[in-house]
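Visitor: Please walk me through this one. I'll ask as we go.

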Amino acid sequence: MKLPKNLIAPLVVLGGLLLFDLFFTPGFFHLAWTNGRLQGSLIDILNRAAPVQILAIGMTLVIATGGVDLSVGAVMAISGTVAASLLAAAEQPGAKRSIGHSVPQVVLVSLGCSLVCGLWNGLLVSFVELQPIVATLLLMVAGRGVAQLIADGQIITFSNEGYGHIASGSVFIFPNPVWLALALAFAVAALVRRTSLGLFLEAVGGNAQASRFSGIDSRWVKTAAYALCGLGAGLAGVIVSADIKAADANNAGLYLELDAILAVAIGGTSLSGGRFSLIGSVIGAILMQALTTTVLSKGVPPPATLVLKAVVVVGVCLFQSPKFEVWRSGIRRQPA
């Protein structure tokens with residue numbers, strides 16, 4: 001089976017990073033069984049990359065339509081704050097039986113709020129016809145304000161072990177966030193490859209006018225993409241809030257929208273719309289986290305990791321660019 005071209009560059013860079021760590025980072029590949037779960041740097045990379053993977057999966061669908069969603073970080077903050085508020089209210093002395101006493105209900109309410117946010121973005125882009133960057137920028141700014149209003153400007157903490165198990169628990173040696181990201185990836189892949197949605201996304205992103213003439217209602221296709229992206233952001237917000245057993249409306253999901261976009265770009269999805277790759281976005285998110293872990297393990301200051309991320313992204317995107325492909329093909333055709 002031939003490897004898709006869009007996966008070659010990120011896999012080569014990821015393999016190079018792991019090879020570097022094998023020789024120059026002692027104990028990087030060491031795995032240990034502690035407290036009923038497997039622990040180590042490799043597991044930590046997968047675990048920490050899970051929220052970005054989930055965001056990147058939804059972002060891939062939006063970018064495939066020719067748009068972008070800058071509000072996923074704010075939607076994460078809203079989702080996590082709603083969940084923490086319900087749980088904290090249920091833990092107050094004398095609190096009556098409410099939604100906050102049931103973890104599944106709390107998760108469903110949080111995901112429902114994030115789905116509404118995604119639908120709001122989709123309606124602004126599709127029916128009001130605002131530019132995607134403007135429509136989602138509105139929620140990016142206002143969403144954090146909404147989260148702060150819900151939290152009353154405070155960091156909300158809770159002690160619900162069942163909810164915390166979403167992030168701290170494990171199944172078959174791997175942490176729950178890894179399984180959640182994997183499950184979402186398979187579900188969305190089945191949705192876009194086993195139904196006509198994937199074809200509609202590529203058609204709308206490739207040429208919206210031609211797709212409209214062929215009978216595809218691009219407005220509802222775009223709305224569905226933004227709704228799924230919002231739902232994914234809500235799931236990422238649930239994982240982050242469960243991990244720290246708190247909701248920080250100011251910092252939850254901050255700048256993660258940029259990591260998600262970078263992961264999508266590294267994975268080979270066309271930022272102009274049309275062609276997209278879910279598996280490429282997942283690999284891109286793992287690559288970003290592996291780079292961050294490697295750099296921090298070598299004692300490099302955290303601000304410098306942003307510069308290194310930019311260098312890696314530029315290199316991978318240049319490798320995947322059409323002009324580079326033409327130049328590389330020209331070299332191969334030259335006589336020896």
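**Loops, helices and a pocket**

Visitor: Where is E129 found?
Guide: E129 is in the loop between α4 and α5. Helices here are DSSP runs of H or I with at least four residues, strands are runs of E with at least two, and both are numbered from the N terminus.

Visitor: What should I know about the model itself?
Guide: This is a predicted model, in which local features need pLDDT of at least 70, side-chain atom pairs count only at pLDDT 80 or more, and totals for chains, interfaces and linings use all residues. Residues are numbered from 1 along each chain as its sequence is written, and side-chain values use heavy atoms, with hydrogens and water left out.

Visitor: Back to E129. What is its phi?
Guide: The phi of E129 is positive, about 65°, although E129 is not a glycine.

Visitor: Is E129 buried or exposed?
Guide: E129 counts as exposed, at 65% relative accessibility. Exposed means over 50% relative accessible area, buried under 20%, and partly exposed in between, with a 1.4 Å probe and protein chains only.

Visitor: What about Y255's phi?
Guide: Y255 has a positive phi near 65°, and Y255 is not a glycine. Y255 sits in the loop between β6 (246-247) and α11. Its relative accessible area is 55%, so Y255 is exposed.

Visitor: New topic. How many aromatic pairs are there?
Guide: The structure has five. Rings of Phe, Tyr and Trp (its six-membered ring) pair if their centres lie within 6.5 Å; planes under 30 degrees apart are stacked, over 60 edge-to-face, and the rest tilted.

Visitor: What geometry do F158 and Y163 have?
Guide: F158 and Y163 are edge-to-face, with 5.4 Å centre to centre and 80° between the planes. F158 counts as buried at 7% relative accessibility. Y163 counts as buried at 0%.

Visitor: On to the largest pocket. What is its volume?
Guide: The largest pocket holds about 610 Å³ of space.

Visitor: How is a pocket defined?
Guide: On a 1 Å grid over the protein atoms alone, a pocket is an open set of points where a 1.4 Å probe fits, with protein on both sides within 12 Å along at least five of seven lines; lining residues have an atom within 4 Å of a point. Grid points join across faces, edges and corners, and the volume is the space filled by probe spheres set on them.

Visitor: Which residues lie nearest its centre?
Guide: The lining has 25 residues, and R48, V52, L256, D259 and Q289 lie nearest the centre of the largest pocket. The elements giving two or more residues to that lining are α2 (41-64), α10 (218-244), α11 (256-266), α12 (278-297) and α13 (302-320).

Visitor: What else is in α11?
Guide: E257 is in helix α11. E257 is buried, with a relative accessible area of 5%.
I261 is buried, at 18%.

Visitor: And α7, how far does it reach?
Guide: Helix α7 (residues 176-194) has 19 residues and spans 26 Å from its first C-alpha to its last, close to the 27 Å expected at 1.5 Å a residue. The expected span is 1.5 Å times one less than the number of residues. Its buried residues are N176, P177, V178, A181, A185, V188 and V192.

Visitor: Last one. How many helices and strands does the chain have?
Guide: The chain has 14 helices and six strands. Buried residues make up 49% of its 336 residues.
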